[in-house]
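Subject: Model for you to look at

Hello,

Here is the model I promised. Please open it alongside the notes below.

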Amino acid sequence: MKTLLSLFVLALLSSCSPLQLDPGAQTPIEAFKPTQPIRVALVLGGGGARGLAHLGAIQELEAAGIRPDLIIGCSAGAMAGAIYADQPTLEGVPEAMLTLKKADLLDYTYFRPLFGLIEGESLQKYMQKTLKAKTFADLKIPLIVVATDLISGEVIELCHGDIGPAVRASCAFPGYFKPMLLHGRYLVDGGAACPIPVSIAKKYGAQVVIAIDLSEKLSKAGPRHLFGVTKRSLEIAYKKFVEQSLQQADVAVSMHFDEVGIFVDHMNEMFFQHGRETMQKHIAEIRDKVRSTIQESGVSDGNAIPALAEK
């Protein structure tokens, strides 16, 4: 009932104030240009608070000596990817992130909430405060942040300039966050067009693509009303989209969460540990895949091979 009432109120507000999103003049978005061969690419999907599972999984990859040459993040994966690219050893990062509260990121606004209930400025400020790097050029591992152009529907790759606004745009979950005006475009969550951006990693010639999926399983309970049918249908479409993307990955790591929501902060430890435990099951597969692929290509330099050789 509360959900229906909220939707009714939002619809009423929207009908009373017929505004339009006018992005204005667009500015060019500089494309990613690899400076070295991409042996290993790490692709991080969205998932709200479940993004802490990414950090747990990344910690296990680092412990196994597997460090990517490129990180591509979508939504929560953009946040985790930026943090990892900024501080590859993750020293002290998990401990700091486990105390993260949704109030630190979600700045609700009830004044003219026509296009979203959350401004997104708090999330941007949190990233700017957390990261040592301020621009993509300052990061220690190359990073591409994926967003969606709300007007054209294009997948937008952000990899130059300030990191904070790019991550904010990638995390602008439709219906919750307001779209982010960046480069003369209104941008929303990358998951709207490319939830697990494996295709982007392949486009840049990545030899081994490790993709991490944080999406939830479909609920066992069937819909009970009109909005439930609509929601269920969108969830099915999203799930199929994710499955198609994962099929392109060399190693797909799926967390399989059950109905935990996207904005919770009492399960941080569980998310992080689940990420670690799930990745541990894939480490041998990833190590073998990386070693065999690199050996076949005849390339012996770079980050991944020396680290693997020590294990």
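**What I found**

Buried residues make up 50% of the 311 residues in the protein. Buried means under 20% relative accessible area, exposed over 50%, and partly exposed in between, with a 1.4 Å probe and protein chains only. This is a predicted model: local features need pLDDT of at least 70, side-chain atom pairs count only at pLDDT 80 or more, and totals for chains, interfaces and linings use all residues. Residues are numbered from 1 along each chain as its sequence is written, and side-chain values use heavy atoms, with hydrogens and water left out.

The secondary structure comes to eleven helices and eight strands. These are DSSP runs numbered from the N terminus: helices are H or I with at least four residues, strands are E with at least two. Take the contacts with a separation of 6 or more: residues 24 or more positions apart account for 77% of them. Contact means heavy atoms within 4.5 Å.

**Cores**

The largest nonpolar core has 68 residues. Such a core is a set of buried Ala, Val, Leu, Ile, Met, Phe, Trp, Tyr and Cys residues joined through side-chain atoms within 4.5 Å. L55, M127, L158, V167 and I212 have the most contacts inside the largest core. Helix 3 (residues 76-86) gives the most to this core, with seven residues. V167 touches A78, M79, A82, L123, M127 and V145, with residues up to four places away in sequence not counted. A second, separate core has 21 residues, including F32, A41, I144 and Y204.

Strand 3 (residues 143-149) pairs with strand 4 (residues 155-158) in the antiparallel sense, over four bridges. Pairing requires that DSSP finds at least two bridges between two strands. V145 stands opposite L158 in strand 4. The two strands form a hairpin with five residues between them, and G153 in the turn has a positive phi of about 80°.

T148 is found in strand 3. Is T148 buried or exposed? T148 counts as buried, at 5% relative accessibility. A polar atom of the T148 side chain lies 2.9 Å from the backbone oxygen of D189. The backbone oxygen of G190 lies 3.4 Å from a polar atom of that side chain. Beyond four places in sequence, the contacts of T148 include G153, E154, I156, Y186 and A193.

Helix 8 (residues 226-246) has 21 residues, which should span 30 Å at 1.5 Å a residue; its end C-alpha atoms are 31 Å apart, which agrees. The expected span is 1.5 Å times one less than the number of residues. G228, K239, V242, S245 and L246 are buried in helix 8. They lie on the same side of helix 8, because they cover an arc of only 120° around the axis. The arc is that of the directions from the helix axis to the C-beta atoms. The face turned away from the buried side carries the exposed residues L226, L234 and Q244. The buried residues of helix 8 pack against helix 7 (198-203), strand 7 (208-213) and strand 8 (251-254).

Helix 10 (residues 283-297) has 15 residues and reaches 21 Å from its first C-alpha to its last, close to the 21 Å expected. Its buried residues are I283, I286, R287, V290, T293 and I294. Their arc is only 145° around the axis, so they sit on the same side of helix 10. Q295 and E296 are exposed on the other side.

Best wishes

Technical notes:
Polar contact = N/O pair within 3.5 Å; in protein donor to acceptor, adjacent residues only side chain to side chain.
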